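Got the viewer open and a selection box ready? Here is a walk through the model, one stop at a time.

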Amino acid sequence: MRAGGWRWAGLAGAGLVLLVAAFAPLLAPYDARKIAGPPLMKPSGEHWFGTDSNGLDVFSQTVMATRLDVLIAVTTVLAATALGMAAGLAIGMNESGRGGIGVLARAGARAADFVQAVPAVLVGLVAVGLYGSTPVTITVAIVIILMPMQARLVRTEVLQVRGEAYLDAARMAGTSELRLTVRHVLPNVARPAVLYMSVLFGVSIMLTAALGFLGVGVAAPTPEWGAMISRGATDASLGHWWPALFPLTVLILTVLAVTAAFSTFQQGRQRR
Amino acid sequence: MRPWLHHNGWWLRRLLLLPVHLLVFALVAFALVRTIPGDPVLVVTGNQISDDQYADVQRRLGLDGSLAHQAGEYFGRLLRLDLGDSLITGRSVTEEFGSRLPQTLELAALGLSVSLVVVLALSAVVLLRPRGVISRLAMAYARSAGAIPEFAVAVAGIFVFYASLHWLPSPLGRLGPDDPVPTPVTRFPLLDAVLTGNPQVVGSMLLHLVLPVFAMVVANSAVLLRLLCSQLEVELARPATRFRISTGAPRWVVLASIYRRALPATVTMSGTLFGYMVGGAVVLEGLFGFGGMGQYLTDAVTSADLTALQGLLVVIAAVSLVVFLLVDLINMALDPRRRPGSGGAA
Amino acid sequence: MSTETTTSRVASSHPARRSARRRSAAAPKAAAPGSATSADPVLVADRLSVRYRLPGGHLGPAVVSDVSLTITAGERVAVVGESGSGKSTLALAVAGFLGTQQSEVTLDRLAVMGRDVPAVVGDRLPRARDGVTMMFQDAMTSLDPVWTVGSQLRAVVGAREEVDRRDRQERCRHWLRRVGLADTERVMAARPGELSGGMRQRVMMAIALASGPRLLIADEPTSALDAGLAREVMELLLELTEQSRASALVVTHDITLVSEYVDRIAVMYRGEIVEVLSARRLAAAQHPYTRALLACVPTLASAGLDRLPTLADFDVISPDAA
């Protein structure tokens, strides 16, 4: 029962997050980039989440930041999953092959394993340093970081499916290797990758926020959770908790909601 | 000699691959810097420079002459562990990293060690007392995996334990204002403090480390805990476990048997987590006023310090490769079937 | 005698049941009702029924229903039936591997060596049942793949009694020689994956016997082996059990093979023991299911037939449907 409640809360929460992201400009009572009142006002009827040290409305900023962070996360997760699946399929199907393709596939498998040990935040830092701190750079960098995670997962699944008799049967019937992969292997390996998207979502949100927190993320004054928390941290150490607490809470709840929502799919599919 | 080689070949071979891998990634770093949009020289300097200055900057960035010449210079210096001098600060990148990297790595290593201890302890409780209060709390926490960033915990921690309760020292460095700075021996701050042997300094440093390490542990242990518990569950249900129990093997032997089979996935994940923790340490250093890679890197990024960034790539690759190597070796030690040439599961 | 339900809730709120469990875990034999003597049967199962919990939390049908079985000291009994007949579940219940989470058990009595034992265990990590050792189908999965055979054997030798280190090594070698593995040093240094299937099966027997059981349960000990090896292993297993003065409970589908080596055969069908036969008088089988099982076995007489009959050829009427 309690697990069920958790899942439905997640589904509702994830829906809410998406709605907020979609309609952020309509929801924000103030311009998130302009001074809306005196600095460091406590939360009140006028400013629901208070104002920060620059006098910006924290609620409006949080709402607009949700739009940006969720947009980046959704884009990166979808792109990384699509690319990762393709790479994982290519590696898994060719890994035991002879010749150049086999060698390449094995090297790809090792590389995907290795990338797991690379500090993602530092990769993001280098990317921003080399190509500039635009949302596009950050999106591309995160896709590059996330893609091997999916590729690795899909590859493991492919290795399990690859020996199945129905594949040999299809080959005998003259199905081309590409068609075989798409029609017969992909449907069997896609499920774990789809479920894993919730993990990628969390990582993506964390990375965007971490870069923002370091001050090298999406350039100010565009509202972003990590940058807001970073500025709010200074206020928090002086006892003004609200500029940091609200974006922080929303960030955590967003990831939790998406994770819980995905566990609904997991349970729903298993029952069938 | 021959039998020794035969028994130890698995890790020796793995060790010998390290320089090869490093070379590949150095090449990647070399290539990446040459793919940035626009003229790197102008990116670094801005537009207003004379031709002489241009040639000078180009030479100092290692971008003069043919590509082969550039590569020769680059790898030649790399062999001497010379990552070049920063154009922005004028200081040697190798030296900067040499003094800063150990601080960051120590913080990350502390985070991972504490996290592993906590996760091992909690997983044992979940395994042995699945219905207890601790187990329920632990599993509820495990569900939050990946949802809590370390800087969130740290900011909340600073607000509660420093700003409100004053239980912990101010987040303004590794030591209090009156504490003597230990002489750098290894450049790992805590290790140096311990080596210096001044208990007051060690105590102060530990107190200053409580919050950042706590933040890293809270943020990262859930993933590890969830993974280990699910693996333990899988291994627990196996006939091999039941056979051990049924033959009356002592309880600790049964536990060791389950853990040894369940751990490899956790070890692999720890490698990933160490990477996250290095990133987390970089983020936290600014918040707690620690010297380390954090400030240096953000400066390098904002000022487009190409030499530093190129050096950073090589250093990231080196650190990651060593972690990757350790993960492989530990897993091969835990599960002999993973050793190359062992014939697999047969 | 009332039927006692040992679900997780009942088990934890029922003081008598709880104390019984604790007794079986650690307490000295004197504390048990009817202290164990050699005259006691090694196993008494009285009206044992098992249902598994389905994913939704509901109870499934009885996998084992109203089974009563007694094994006396030194006796060798086979439980024979098709897959799904409940024979493996019966073995798990006797060995103490049914958890409260997955199963519900009702029974009048379950006793090992004269002492009452719980039929379900509440711990996620079960404890050994005193005097009972269970071997599982496949030695490849039953042996721990990452530890050497030596370390697995050493962990068992002396687990139920004090043995000093040098003695322990010698006993390990002794047990390996007993199961016909002469090259003891090589086998002890090897991991299960490095041995052949037959050797693994022997190693598993060595470990099982080294644990000093009073009752050895073997779940399909030969199903992973080819016919020749199966015969060899079955013979060795029951011979060694007899030498150790232990009782044996062999769970198998192969009625003819096992009948050569055991004293009694209990035939299980749809969760019930439909007939218990003396192994030497299989021809006396009464129940149609037993007769059907026997008829499916190739003999010299069946050589003239076009094809062997299968169970589907017989109109077996299940007792509960009748």
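Predicted model: local features only at pLDDT ≥ 70, side-chain atom pairs only at ≥ 80, totals over all residues.

A helix here is a DSSP run of H or I that spans at least four residues, and helices are numbered from the N terminus.

**Stop 1: a glycine in chain A**

Select A:Gly124, which belongs to helix H5 (residues 120-131) of chain A. Is A:Gly124 buried or exposed? Its relative accessibility is 3%, so A:Gly124 counts as buried, the limit for that being under 20%. Leaving aside residues up to four places away in sequence, A:Gly124 touches A:Ile145 and A:Leu211.

**Stop 2: aromatic rings**

Stay with chain A for a moment. How many aromatic pairs does a search of the whole structure find? Over all chains, it turns up 15. Pick A:Phe49 and A:Phe59: their ring centres are 5.0 Å apart and the planes meet at 85°, so this pair is edge-to-face. The two residues sit 10 apart in the chain, with A:Phe49 in the loop between helix H2 (24-27) and helix H3 (58-94) of chain A, and A:Phe59 in helix H3 itself. Both A:Phe49 and A:Phe59 are buried. For contrast in geometry, jump to B:Phe161 and B:Trp167, a tilted pair with 5.9 Å between centres and 35° between planes. B:Phe161 is partly exposed at 27% relative accessible area, while B:Trp167 is exposed at 60%.

**Stop 3**

Show chain B as a cartoon and you get 13 helices and 0 strands. Its C-alpha atoms fill a box of roughly 80 × 60 × 40 Å along the principal axes. Of its 346 residues, 50% count as buried. Chain B exposes about 15800 Å², and 67% of that comes from carbon and sulfur atoms. Among its contacts between residues at least 6 apart in sequence, 73% join residues at least 24 apart.

B:Arg34 lies over the face of B:Phe30, 3.8 Å from the ring centre. Then go to B:Arg174, whose charged end sits over the ring of B:Phe290 at 4.5 Å from the centre.

**Stop 4: the sheet in chain C**

Hide the rest and look at chain C, where an open sheet of 6 strands runs in the order S8-S9-S10-S4-S11-S12 with mixed pairing. Which strands stand at the edges? They are S8 (132-135) and S12 (272-278); each has a single partner strand, so one side of each has no neighbour in the sheet. On average, neighbouring strands are turned by 20° against each other, direction ignored.

Zoom in on S8(C) and strand S9 (residues 215-219) of chain C: they run parallel and are joined by 4 bridges. C:Met135 stands opposite C:Ala218 in S9(C).

Finally, bring in two helices. Helix H9 (residues 227-243) of chain C lies across strands S4 (76-80), S8, S9 and S10 (247-252), running at about 160° to S10(C). Helix H11 (residues 288-295) of chain C also packs on the sheet, where it touches S4, S11 (264-269) and S12, and its direction makes about 105° with that of S11(C).

Notes: Residues numbered from 1 in each chain as written. Chains lettered and ligands numbered in written order. Heavy atoms only, no water. Phe/Tyr/Trp six-rings, centres within 6.5 Å; stacked < 30°, edge-to-face > 60°. Buried < 20%, exposed > 50% of the residue type's maximum accessible area, 1.4 Å probe, protein only. Lys NZ or Arg CZ within 6 Å of the ring centre and 35° of its normal. Pairing = 2+ DSSP bridges. Axes fitted to C-alpha atoms, helices over the stretch in contact; angles between N-to-C directions. Contact = heavy atoms within 4.5 Å. Areas by Shrake-Rupley, 256 points an atom, 1.4 Å probe, with all protein chains shown as cover.
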